[in-house]
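Subject: Structure handover, chain B

Hello,

Here is the structure you were waiting for. My notes on chain B follow below it.

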Amino acid sequence: MDADLIINILYATLRTGTPLLLIALGELVCEKSGVLNLGQEGMVLMGAVTGFMAAVVSGSLFTGVLVAVLCGIGMALLFGFLAITLVSNQVATGLALTIFGGGLSAFLGSSYVGIGIEGFTPWELPLLSEVPVLGKIFFSHDPLVYVSWILFIAVYWCFRSSRAGLIIRAVGENPEAANALGMRVFLVRYAAVAFGGAMAGLAGAYLSLAYTPLWTEGMSAGRGWIALALVVFASWRPERVLLGAYLFGAASILHLVLQGLGFEASPNLLAMLPYVATILVLMLIANDAIKARLNTPFALGKPFRPQL
Amino acid sequence: MNPMQRFKNIIKRPLGSFAVAAGLAAIAATVNADPLKVGFIYVGPTGDAGWTYSHDLGRQYVEAQLGDKVETSYVESVSEGADAERVIHQMASKGHELIFTTSFGYMNPTLKVAKRFPKVVFEHASGYKRAKNMGTYFTRAYQGRYLTGLVAGKMTKTNVLGYVASFPIPEVIRGINAFTKGAREANPDVTVKVVWASTWYDPAKEREAAETLILQNADVLTQHTDSAAIIQSAQAKGVYAIGYHSDMSLYGKDAHLTATVHNWGPLYLEKAQQVIDGSWKAVDLWPGIAEGTTDIAPLNAAVPEEVKQLVAEKKAAIKAGTLRVFDGPVVNQKGEMVVPAGESLEDAALLGMNYYLQGVQGKLPQS
């Protein structure tokens with residue numbers, strides 16, 4: 001393998017990991033507040049289709065992204081209303097959201113299949129992109145990749161050293177106690193769920209406007225589910241989510257690159273690589289079972305009813 | 001499977017047994033005046049711009065041609081396996097008299113249901129099992145592959161062609177070999193690099209596979225997966241690409257040289273007409289360029305006139321039956337002669353193809 005190839009692999013790794021990173025970060029915040037939303041796949045698809053439609057109609061990619069994010073929030077609030085206000089079962093409601101989003105996106109987008117648009121092109125950051133090797137790997141991406149990094153830093157900082165992070169965690173660990181301390185559990189959970197929806201919508205926009213600028217039904221191809229698993233294997237820690245997402249991306253790329261290099265292994269085995277590698281590495285990191293369990297938000301998936 | 005469809009199916013399930021009785025009664029009571037109910041089972045969404053889309057165009061063609069003599073319906077995104085049997089059974093029990101099951105994985109489910117509904121006619125695409133009321137059909141897409149290979153061989157500058165493939169089954173391998181044969185007839189120095197994406201449909205992965213190939217010097221790409229992502233990648237990177245299933249030029253007008261396309265309409269019309277006339281028989285049909293079931297999309301303006309001429313000549317020869325694509329000498333990857341000059345590979349050998357021809361790089365994975 002020559003240096004150029006390795007640079008290209010790493011570059012593609014970041015691009016492949018980005019949608020997973022976005023979805024998983026959103027779900028992480030949502031789950032930290034104690035709400036399990038299994039509707040990621042539906043929200044991603046809705047974000048992808050509405051973002052694409054808006055971009056086609058308005059001619060502006062940024063309008064597309066904005067609409068996708070708003071649509072994700074809208075879907076998430078719908079989930080929030082059912083699961084938080086009406087205290088419906090979170091697992092069932094989340095699954096329903098996935099089914100709903102998958103069907104509705106196919107319906108809405110049926111007349112947009114077969115349209116090609118000019119998607120986001122890479123922005124080469126001034127100066128930084130001229131750094132040898134690193135410039136090509138890190139600083140020649142499309143704008144949504146940079147946005148994902150900013151969002152990662154924001155989420156990391158939020159849980160590391162902000163009061164907001166503490167409140168979200170308190171609500172996710174013990175909503176009754178948080179309520180007794182005067183925290184507004186419903187509001188916090190709504191905000192966290194909405195953030196999850198916004199991130200899923202953004203990931204959808206990334207798929208349909210940057211990664212493969214087109215719309216076809218079911219184009220997220222299960223990424224919502226992978227991201228969901230990633231959050232668990234990363235034991236609800238943002239830095240591990242980042243690692244897991246890029247690891248998954250790297251292994252997905254290697255699956256293809258190794259074949260091109262004439263590596264003699266069954267492509268079916270290689271296709272397993274992303275799943276196996278990600279699970280193994282994250283399990284090895286979180287080898288302390290008690291610690292891992294402590295990281296799980298205690299009230300995850302449990303509805304909150306204020307005592308009157 | 002499309003979740004919405006699954007949801008609908010779940011809702012409909014309790015009605016199944018009731019519908020069996022009602023459906024059988026409906027079939028018994030069928031008189032010529034009633035429209036023929038034709039059902040289609042699709043493996044993907046109709047909006048995939050690929051395989052399923054091409055079948056749905058065929059369905060629309062039947063409806064347009066026969067008007068009120070037929071009534072068509074379809075279920076999309078039906079996963080291959082146990083679920084398929086239930087959907088096919090349900091379709092048969094709802095009074096459909098002709099059912100097309102359009103994916104290889106529906107073979108056993110179709111056969112099972114066919115035995116239970118001897119009066120319903122089944123047509124299964126790409127399989128090899130038949131029954132008294134179950135015929136099979138497929139398209140000689142490899143003829144189109146061969147023609148597009150000619151174009152690729154003439155248009156490449158690096159002499160490396162890239163092929164994004166799904167799974168190593170005979171149908172896909174046949175396509176790779178036909179493409180390679182065409183390309184090497186046009187340009188003996190060409191090699192074809194194959195990357196197995198291990199998926200039929202994942203636009204993002206298809207794009208990465210395409211970029212991997214471009215990175216390794218391929219300057220004309222083609223695919224045996226279902227999305228148009230490789231056309232977009234080629235357009236973005238300034239190389240050429242050849243589509244599959246349908247004309248994909250909308251996704252990259254400079255990159256898209258041509259495409260192998262399916263045209264199921266006439267075949268479906270013929271089958272429906274036969275069922276209406278009562279002349280239908282369970283046969284195996286394998287139409288191609290000559291019947292119009294396989295074709296290629298219009299060539300890009302960048303393709304020189306002499307290449308267009310060459311493609312037209314070869315296409316005419318296939319139509320006339322003088323060219324059969326895998327005409328000898330056919331040499332496999334190891335350099336062994338598979339078919340000597342003057343002979344041609346028989347259909348049975350084509351259907352079981354499990355080796356690469358000379359010119360394909362890499363080792364064929366065993367499926």
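Domain bounds here come from an automatic or database domain assignment. On that basis, chain B splits into domain 1 (3-137) and domain 2 (141-261 + 294-361). This is a predicted model: local features need pLDDT of at least 70, side-chain atom pairs count only at pLDDT 80 or more, and totals for chains, interfaces and linings use all residues. Residues are numbered from 1 along each chain as its sequence is written, while chains are lettered from A and ligands numbered from 1 in the order in which they are written.

**Overall build**

Chain B has twelve helices and 15 strands. These are DSSP runs, numbered from the N terminus: helices are H or I with at least four residues, strands are E with at least two. The C-alpha atoms fill a box of roughly 65 × 45 × 40 Å along the principal axes. Of the 367 residues in chain B, 52% are buried. Buried means that 20 or more other C-beta atoms lie within 10 Å of the residue's own, exposed means 12 or fewer, and partly exposed is in between; C-beta atoms are placed from the backbone.

**The two domains**

The C-alpha centres of domain 1 and domain 2 of chain B lie 32 Å apart. Eight residues of domain 1 are in contact with eight of domain 2 in chain B. On the domain 1 side, three are nonpolar, four polar and one charged. Contact means C-beta atoms, placed from the backbone, within 7 Å. Ala, Val, Leu, Ile, Met, Phe, Trp, Tyr, Cys and Pro count as nonpolar, Asp, Glu, Lys and Arg as charged, and the others, Gly among them, as polar.

**The six-stranded sheet**

One open sheet of chain B runs β2-β1-β3-β4-β5-β11, with parallel pairing. Its edge strands are β2 (70-75) and β11, each pairing on one side only. Two strands pair if DSSP finds at least two bridges between them.

Look at β5 (residues 134-137) of chain B. Both faces are covered: B:Met134 and B:Thr136 on one side, B:Gly135 and B:Tyr137 on the other, are all buried. β4 (residues 121-125) of chain B pairs with β5(B) over four bridges. B:His124 has B:Thr136 as its bridge partner, and B:Glu123 has B:Gly135. β5(B) also pairs with β11 (residues 284-285) of chain B, over two bridges. There, B:Tyr137 stands opposite B:Leu285.

Helix α4 (residues 82-93) of chain B lies across β1, β2 and β3, at about 170° to β1(B). Angles run from 0 to 180 degrees between N-to-C directions; axes are lines fitted to C-alpha atoms, for helices over the stretch in contact.

**The seven-stranded sheet**

The other open sheet of chain B has the order β12-β10-β9-β8-β6-β7-β15, and its pairing is mixed. β12 (294-296) and β15 (360-361) of chain B each have a single partner strand, so one side of each is left without a neighbour in the sheet. β8 (residues 220-223) and β9 (residues 240-245) of chain B pair in the parallel sense over three bridges. Helix α8 (residues 203-215) of chain B lies across β6, β7 and β8, at about 160° to β6(B).

**Contact with chain A**

The contact takes 35 residues from chain B and 36 from chain A. The largest share of the chain B side, ten residues, comes from α8(B). By class, that side has 18 nonpolar, nine polar and eight charged residues.

Best wishes

Definitions and conventions
Contact = placed C-beta atoms within 7 Å.
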